[in-house]
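Please read the following account with the sequence and the coordinates open.

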Amino acid sequence: MSDTNPADEQLQTARLSLRRPTEADIDAIFAIHRDPETCLHNPSDALTRLDEAGELYRRWNDQWQRCGYGYWVVRRHGSALQLGFCGIKPMELHGMKVLNLFYRFATSAWGQGFAGEAAATVTTWASRRVPDLPLIARVRPANIASQHVAVRAGLTRAEHLDETGYDGLDWIYAARLPN
């Protein structure tokens with residue numbers, strides 16, 4: 001185990017840099033979450049006011065302080081532009097403690113493989129830093145792009161765990177499920 005605090009850790013891929021959000025990211029949180037296209041499959045996540053983005057940032061920051069992990073801001077190397085967000089949060093699924101893999105990107109970043117690249121990096125990080133918890137992604141059946149991201153991240157379809165979420169049926173993709 002290293003002496004570095006996981007909450008200070010930045011993740012790198014060939015094209016991307018992932019870092020913990022700061023208050024300076026609230027405008028990007030708002031911009032991405034108020035776009036109807038980014039929340040098409042998860043309308044309960046849509047934001048309509050900037051103060052809601054501030055509250056969402058505070059919840060994300062609180063989780064980082066409690067758990068030492070959370071959602072990262074995703075950017076291209078050398079760019080200040082936030083492409084989106086990707087990370088994990090603890091939750092329960094059918095009475096089992098799991099990590100939920102989250103990814104949401106600006107529409108301008110769609111179709112370039114950024115979400116899959118970030119999600120695969122977060123999955124690898126989680127398997128090293130939080131190996132005892134299964135990793136899941138909750139995906140709407142109609143969200144084909146999100147299904148591809150989950151598979152690219154190393155998750156496989158776990159139909160026996162499907163459940164109804166806030167916005168309808170959640171298909172569950174999973175890794176590291178107990179036997």
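Helices (H or I, at least four residues) and strands (E, at least two) are DSSP runs, numbered from the N terminus. This is a predicted model, in which local features need pLDDT of at least 70 and side-chain atom pairs count only at pLDDT 80 or more, while totals for chains, interfaces and linings use all residues. Residues are numbered from 1 along each chain as its sequence is written, and side-chain values use heavy atoms, with hydrogens and water left out.

Helix α1 spans residues 26-34, and its buried residues are Ile-26, Ala-28, Ile-29, Phe-30, Ile-32 and His-33. Buried means under 20% relative accessible area, exposed over 50%, and partly exposed in between (1.4 Å probe, protein chains only).

Asp-25 sits in the loop between β2 (16-19) and α1. With a relative accessible area of 0%, Asp-25 is buried. Leaving aside residues up to four places away in sequence, Asp-25 touches Arg-19, Arg-20, Val-73, Arg-75 and Gln-82; contact means heavy atoms within 4.5 Å.

Helix α4 (residues 144-152) contains His-148. His-148 counts as exposed, because its relative accessibility is 54%. His-148 and Trp-110 are 38 residues apart along the chain, and their C-alpha atoms are separated by 12 Å.

Over residues 16-178, the chain is 32% helix and 31% strand, with the end C-alpha atoms 31 Å apart. An unreviewed UniProt entry annotates residues 16-178 as "domain: N-acetyltransferase"; such annotations may be inferred rather than shown by experiment, feature names are shortened, and positions are given in the numbering used here.
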